[in-house]
Structures are given as C-alpha cells and as structure tokens.
Amino acid sequence: MRFEPAPSLSGRLTPPPDKSISHRAGLLGAMCSEPVRVENFLEAADTRSTLEAVRALGALVEGNDGEIVIRGTGLREAREPDGPIDVGNAGTLLRLLPGWLAAQQGRSFTLDGDASIRRRPVDRIALPLRAMGARLDARDGRFAPLTVHGRRLYAVDHDLDVASAQVKSCLLLAALTADGTTTIEEPARSRDHTERMLLRAGVGISREGERIIAENVDELALESVIVPADPSSAAFLVAAGVLVPGSRLLLAGVGVNWTRTGFLQIVRRMRGIVLGDLEEPADELRRDEPTSDLDVAHGALEGTTVEPAEVPLAIDELPLVALLGCFAEGETVVQGAQELRVKESDRIAGVVEGLRGLGAEIEATEDGFAVTGTGGLRGGRIDSRGDHRLAMMGAVAGLASREGVEVVGMDAAAISYPGFVADLRALGALS
C-alpha cells in the first residue's frame, strides 16, 4: 500500500484495545475455575490465536464484539488436545502458555506456528522451566515446534539475563502451581501487566526492588478485566501527530501504566507535544491499569539517547524512535536494544535498511542504532519483512515524507492494529 504526504491530521479517536493485556486476560481467564468477563478484548489475528488455544485446552469462550466470557478449566485441569496448538504469529502466546502447561502432570502439548514463529527462540523460557522440573522438547533445542510434557514443578530463584516481560510472565504462570515460593530478578523493569492481573486474581505476589516474589495458589479468582486502549498502537498515531505539520489529535482512553509509557516519555524528552496524565513510577505492585486521554500536536524535535534501562519500557515502539530521529535536530541513539533482533523480524536491521532506503542517515549497532537528523525523509519504498510494526512505521513515514512511501511485504490482516488505515483516513491523513 502507498502512503502519500499528509496535509495534517486532526480529530478524536480511541485506539484499539491493548494486545498484551488481551493475551493475558485470555490465558488467565482459562486458568480460572469460575467465569471471567473480559470487556474490550482485542479482535486481531494474534489474540484470536490465544482464544483458539485455550479452547483447545478445554476452556469455553462466548461472546463477540470485544466482550467475551471465558469459562476456564482451572489451574491444573487443562485438557490434552488431539493435535498441535497453533499459535499463529503470536510470540506472546508461544512464550507465556508453556508456563501453565508445564504443570499439567501426565499430559503433553505441542505448540507450533507460522514461519516467523519458527524462527523465534524459546530457549529463554525452556531453560528456567526445566530448572523448575519441566520437560520441554524444542526443534534444534531452541525453536518451535515446542512440546511441553506436564510434570510436578518446584519453585526456583531465577535471575533474568535480559529484562523480558514474556519470559518473566511465563515463569510467574509456572510459579502458581510450583511447590514453594518463586523469586525472579530482573536486570531492569519490564511491563507488569501479568503481575497486576495476578494480584487482582488473589495471588500472593510482591516486589522487592528488582525481585518479584510469587506464591503458589489453589485457584485464581479473577472476575473481570477491562482492557484499555493500547499505548503501543497509540504510539503510531502519536508519531504521526508529532511529525506531520499542522496536526492536532486527541487519543481517548489510552493505557498509561508506567511500564508501558517509555515511548511517550522519550517523545516528551525530544520536545514532542504529548499532553496527558501518565502514571508515576512506583516500587510496589499496583492492581489496576490506569488510562488517560492524550493530546498530541506537531512540533520541532530534538535528538536524544535512549539508555538500556529504558528499552524494556519502550521495546515495541523503538522503531518509531528511529523515525522521529530522522526529523529531529541532532543525533538520536538507542542502546541496549538487542532484544529487537529476535522479534517478528530482526527489527534493528529492518529499521536501519528501511529508513535508509527512504533517505535517512542511520547506522546499525550491535544493540541498537544511531540516527542523524536531517529534518525529514525523501520517501520511497520499504519492505516490512512481514513485521506489522515495521509496516506501520513505514506508513507513518509516508505521511510525514516529501514524496510518499510504498509499504510492501505485509498482509494487512496480520497487522495488530485493526482499522489502522481506516483511523488514518478518519483523521484526514488519507484521501
């Protein structure tokens, strides 16, 4: 699809529901013995994979139009399916679900997915789960198909090598049924949706500095979940509003959990105009997911440096930081983001090659990239490599470029932001 330069963007809209929270609501709902109502559940390919997975495990899922009721199996009664569980392209599902399945004693489960999923390593969940007593078999020791054989689990003290909400969440799900108390130490804070949801479900879970402590439980008691608008999806609209001259947007009901607002903080540091009440950081765990309206306007940007400790709080939005850096005065550098190399694609290579093809002065580093701002982008053609975030970055680049951008290599149905093009049209960006 081609995205031409936009005159301006204006209007009010609500971004789609949060994908991370929708995944977790689907999984934890299936782990409960009593029905769980989920409002504003994201209807997208990845989250549909989660619902199909829990159905295969014996949960009943009713409803539509974003409001569903999940009647789960309980923590220890997942059904062994007749064949492999298809996770599609959902990396979150691939990495979280084994934490639950590892404790289903006497049953085996195979997880598989598309070609992209088969390139994404699972050894970072497999190794600590094995330390808890689990048995997992992976292709070449680290790739899907991944088979999980349920066994009795035992608590561990585990230090994460890289701050990863997916790995952390997998181990927290395993901790619910493990004998003893599990502790997980992070090198830096990562998104905490799992901890908040478990706290609301009655789990004995706490934080001491960078350590999360989780007790085992007999059952989960999570009555309902209301999913806020996704800050990662909102980020593409924020970037468009900041970059396209004359723009003014109001984005309603966006989740502002402080472990997800790293991108917004970076934009503000670059002198971007983004007004809203963001949650303040805190040492203790919180139960709820706060929301705020975001008022966004075009303005001049300054380059910045994103430090490694900031990366986990903005991991999905870092391609947009590179894009903003193309338009900013000075240099923009991202450090400590090697995790981007094992996303749906090698996002460091994809961002650098993609933006360079549009006229950017950008260089890759081992753990990130460095951009020298030139005041804008010429435009051209960008290959998204089948990665939805690179595709949407290319779309925003086209709106702010001088000549427009053609985005190739992406099935629109696979984009995690349903209605992305329709929302751009509603804001006046597309004719």
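Which strands does helix H1 (residues 19-31) lie across, and at about what angle does it run to E5? Helix H1 lies across strand E3 (36-39), E5 and E14, and runs at about 30° to E5. Contact here means heavy atoms within 4.5 Å. Axes are lines fitted to C-alpha atoms, for helices over the stretch in contact, with angles from 0 to 180 degrees between N-to-C directions. Helices (H or I, at least four residues) and strands (E, at least two) are DSSP runs, numbered from the N terminus.

The model is predicted: local features need pLDDT of at least 70, side-chain atom pairs count only at pLDDT 80 or more, and totals for chains, interfaces and linings use all residues. Residues are numbered from 1 along each chain as its sequence is written, and side-chain values use heavy atoms, with hydrogens and water left out.

**The sheet**

E3, E5 and E14 belong to an open sheet of four strands with mixed pairing, in the order E4-E5-E3-E14. Two strands pair if DSSP finds at least two bridges between them. Strand E4 (60-64) and strand E14 (224-226) are the edge strands, each pairing on one side only. On average, neighbouring strands of this sheet are turned by 15° against each other, direction ignored. E4 and strand E5 (residues 67-71) run antiparallel and are joined by five bridges. Val-61 has Ile-70 in E5 as its bridge partner.

**Helix packing and an aromatic pair**

Two packed helices are described by the angle between their axes and the distance between the axes. A pair of aromatic rings is described by the distance of the centres and the angle of the planes.

| Pair | Distance | Angle |
|---|---|---|
| Helix H8 (residues 262-269) and helix H9 (residues 318-327) | axes 10 Å apart | about 15° |
| Phe-236 and Phe-420 | ring centres 6.3 Å apart | planes at 70° |

The angle of about 15° between H8 and H9 makes H8 roughly parallel to H9 (angles under 35 degrees count as roughly parallel). In H8, Phe-263, Ile-266 and Val-267 meet Leu-320, Val-321 and Leu-324 of H9.

The ring planes of Phe-236 and Phe-420 stand at 70°, so the pair is edge-to-face. Rings of Phe, Tyr and Trp (its six-membered ring) pair if their centres lie within 6.5 Å, and planes over 60 degrees apart count as edge-to-face. Phe-236 in helix H7 (residues 231-243) and Phe-420 in helix H12 (residues 420-426) are 184 residues apart.

**Backbone**

Ala-144 and Pro-145 are joined by a cis peptide bond, with omega about 5°. Pro-145 is in strand E9 (residues 143-149).

Key. Angles under 35 degrees count as roughly parallel, over 145 as roughly antiparallel, 65 to 115 as roughly perpendicular and the rest as oblique. Rings of Phe, Tyr and Trp (its six-membered ring) pair if their centres lie within 6.5 Å; planes under 30 degrees apart count as stacked, over 60 as edge-to-face and the rest as tilted.
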